[in-house]
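Student: I would like to learn how to read a structure like this one. Please show me.

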Amino acid sequence: MMSRLILYTVFIVLFTNCKGEQQTVALDATDVFESKGIEIPVYDFESFKPLLNINDGKIRVINFWATWCKPCVAELPYFELINSRYPKNKVEVILVSLDLPSQVESKLIPFVKKQKIGSKVILLDDPDANNWIPKVNRDWSGSIPATVIYKNGDSNFYERSFTYNELEKELKKML
């Protein structure tokens, strides 16, 4: 577990921007849960915030959800379809779980494994939601599911559930 924490602490996401130059964003996980072959890095909001503003030409679909949220669980297959149907260098799906850290090993990891989720799953563990929710979007009430779709500074926020067709339609606005 400690080696994984160190690994994620120095974890650097490398990607290529439009001009072919290398740009890096360092993400420091505060912890990592690992069980049943699944790893879930944990971030507080300050460590997570860089994921909301990467300008590398890639579309990012960031979905805030939890295993206890029925509408969230119902729409997860649509995010998984987006993740599988679009090239990784064009679209990245990040599923931001808001489950309680005490339930990661008993609920989140078994859920991710059972559902065979291929998208990146992270846990946002920051108890000061009143502080960080408006930093994601000033109009967000805090209810989930909520999704941010962005590319190079152009961002759309949705506090609602999606069907696959609705999600793909919103994604295509960024292509």
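This is a predicted model: local features need pLDDT of at least 70, side-chain atom pairs count only at pLDDT 80 or more; totals for chains, interfaces and linings use all residues.

Student: Is S97 buried or exposed?

Tutor: Buried means under 20% relative accessible area, exposed over 50%, and partly exposed in between, with a 1.4 Å probe and protein chains only. S97 has a relative accessible area of 0%, so S97 is buried. T147 is also buried, at 0%.

Student: Which residues does T147 touch, leaving aside neighbours within four places in sequence?

Tutor: Contact means heavy atoms within 4.5 Å. T147 is in contact with V61, I62, N63, F79, N156, F157, Y158 and F162. For S97, not counting residues up to four places away, the list is W65, L108, I122, L123 and L124.

Student: How are two packed helices described?

Tutor: They are described by the angle between their axes and the distance between the axes. Axes are lines fitted to C-alpha atoms, for helices over the stretch in contact, and angles run from 0 to 180 degrees between N-to-C directions. Helices are DSSP runs (H or I, at least four residues), numbered from the N terminus. Here the axes of α3 (residues 70–85) and α6 (residues 164–172) come within 9 Å and cross at roughly 50°.

Methods. Residues are numbered from 1 along each chain as its sequence is written. Side-chain values use heavy atoms; hydrogens and water are left out. Helices (H or I, at least four residues) and strands (E, at least two) are DSSP runs, numbered from the N terminus.
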